There are 2 protein chains.
Amino acid sequence: LPPRANTGRPPGLTRARQLAKRSHRERTRLFLAEGPQAVREALAGRPAITELFVTATARARHAQLVDAAAASVAVHEISGELMAELAQTVTPQGLLAVCRFIDVPLADVVGTSPRLVVVLANVRDPGNAGTVLRTADAAGADGVIFADASVDPYNSKCVRSSAGSLFHLPIVTGAPLADAIATLRDAGLAVLAADGSASLSLDQLGDARLGLPTAWMFGNEAWGLPSDLLELADEPVAVPIYGRAESLNLAAAAAVCLYASARAHARGVPQRSSDTLGFGYVAS
Amino acid sequence: LPPRANTGRPPGLTRARQLAKRSHRERTRLFLAEGPQAVREALAGRPAITELFVTATARARHAQLVDAAAASVAVHEISGELMAELAQTVTPQGLLAVCRFIDVPLADVVGTSPRLVVVLANVRDPGNAGTVLRTADAAGADGVIFADASVDPYNSKCVRSSAGSLFHLPIVTGAPLADAIATLRDAGLAVLAADGSASLSLDQLGDARLGLPTAWMFGNEAWGLPSDLLELADEPVAVPIYGRAESLNLAAAAAVCLYASARAHARGVPQRSSDTLGFGYVAS
């Protein structure tokens, strides 16, 4: 059995609390991940956890998980009161990990011959960003780029709403949008921008277009990306509105777009011809 | 110009504040809708607004809208402080309408020969419910049923996240789930339940199935509807997970399902044969 930490105030607690602030996260390249799902995913991937804080109740409930963590990192048992201070949720789940930043250079994503990449341009709401990350993971995306002024993926709300997906697929932060798009295009990806005012509807894109390796760009509410950002894409594409809603929210629009691509990818792999605009299919 | 209300404490203010509570809403069959978008949509549909509270700033900014409202309802100008008390948002938009309940009996929805109906079963989070309502509107749904223990659609968070869609399509509240499903099936709708553990994938449903008039049932997180509810559906259907995410969130799963149906409906109207399992298509 791993040694049981005492239930006082462990030295790492103050440092961990500071990670609520982006400036502290960026200086230390550490962030907080809360709850059993996040801790499980953080342990399963490449080593991300440096310290684990746990309440006695959570330790009992998730004994296997805590033991697995204790094999490689320091585990500090703390009181429910201290956990409440540390966790940024109304109902803390009793498990909170300090994790190393896990973002990778864009070259790492491009190097995997990606078929589906998500680019977040100026997405400011951390809950939305985390939900899109989760949806990108579900749709089998090969990476998510948090470009320019987009929210910090290590923000606790983003980590939480990603439901573990933050640890599943490569993320890239801080890349200037224009550079990222140029790099993705050079790597052979089509670049589509979700924009509610576009004249081309998603439903008009057949499998031939959707089946290409694609980078999808999403703006703040998926609707009305500024024209300078739209110009970076090959084509702006609108999720059609069949009823009377003015627009979809970002999470819903991203889900419809990413699943349209994922479905086309699952049905067959189009091969882009290097010297013509034609392409053939290979069943996947 | 409409008469300018004084900026004191209008008599309706206390009554309006009480509408933050579900019990008061249900007793009075009134609810609050905040912001210019909601007020605009509430005015555009069948008469829903009974009173409008507005700050001087918002009155100046949305003069046309406020004048339009003043033609039919009492407009009370109140201070920013009183608005902050009344509105349930961090940054109130200065316009808040008291509206009559707008839900209709299920028979009204069924009577329109609906092609796409959404049934929320035990959806508890008002933000999720409002987002699904908005997505249902965008996908051209003919109605949304808030069945059984689902959240109150008149909850301020649900109203807000519906982004005006609450006023766009018929909603039904309080219908027992089994009764609602039976009624929809009797009206000729196929009943599909979104469930992450289903063996049938959404991608396996062709236009022939998706193009039928359909009621989609969604549970609390679209994943793992309890078996007694699943049994009410013709078939449980999973949004496929191509990556490593455990599940999609409700808003994303609903968007993918509803747009799959909407796209099939847009491509052609399948006619269900009354005496065989075959069907033919009529271009729409």
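Which strand of chain A is joined to β1(A) by bridges, and do the two run parallel or antiparallel?

## Basis of the model

This is a predicted model, in which local features need pLDDT of at least 70 and side-chain atom pairs count only at pLDDT 80 or more, whereas totals for chains, interfaces and linings use all residues. Residues are numbered from 1 along each chain as its sequence is written, chains are lettered from A in the order in which they are written, and side-chain values use heavy atoms, with hydrogens and water left out.

## Strand pairing in chain A

Strand β1 (residues 30–34) of chain A is joined by 5 bridges to strand β4 (residues 95–100) of chain A, and the two run antiparallel; strands are DSSP runs of E with at least two residues, helices are runs of H or I with at least four, and both are numbered from the N terminus. Two strands pair if DSSP finds at least two bridges between them. Within this arrangement, A:Leu32 has A:Val98 of β4(A) as its bridge partner. Of the 5 residues in β1(A), 4 are buried (under 20% relative accessible area, with exposed over 50% and partly exposed in between, for a 1.4 Å probe and protein chains only).

## The surroundings of A:Arg25

A:Arg25 belongs to helix α2 (residues 22–28) of chain A, and A:Arg25 is buried, with a relative accessible area of 4%. A polar atom of the side chain of A:Arg25 lies 3.0 Å from the backbone oxygen of A:Leu19. Not counting residues up to four places away in sequence, the residues that A:Arg25 touches include A:Leu30 and A:Phe31, along with A:Phe101, A:Asp152 and A:Tyr154 (contact means heavy atoms within 4.5 Å).

## The interface between chains A and B

The contact takes 32 residues from chain A and 33 residues from chain B. Between them the two chains bury about 2,800 Å², 54% of it on carbon and sulfur atoms, where buried area is the accessible area (1.4 Å probe) that two parts lose on being put together, summed over both. In chain B, the residues that lose the most area to chain A are B:Arg134, B:Tyr242 and B:Arg244, together 23% of what that side buries.

The count between the chains is 1 salt bridge, a term that requires a side-chain nitrogen of Lys or Arg within 4 Å of a carboxyl oxygen of Asp or Glu. A:Asp203 forms a salt bridge with B:Arg263, and their closest N and O atoms are 4.0 Å apart. On the side of chain B that touches chain A, α3 (36–44), α8 (126–138) and α13 (250–267) of chain B each supply at least two residues, and α13(B) gives the largest share, 7 residues.

How values were computed:
A polar contact is a pair of N or O atoms within 3.5 Å; within protein, one must be able to donate a hydrogen and the other to accept it, and residues adjacent in sequence count only if both atoms are side-chain atoms.
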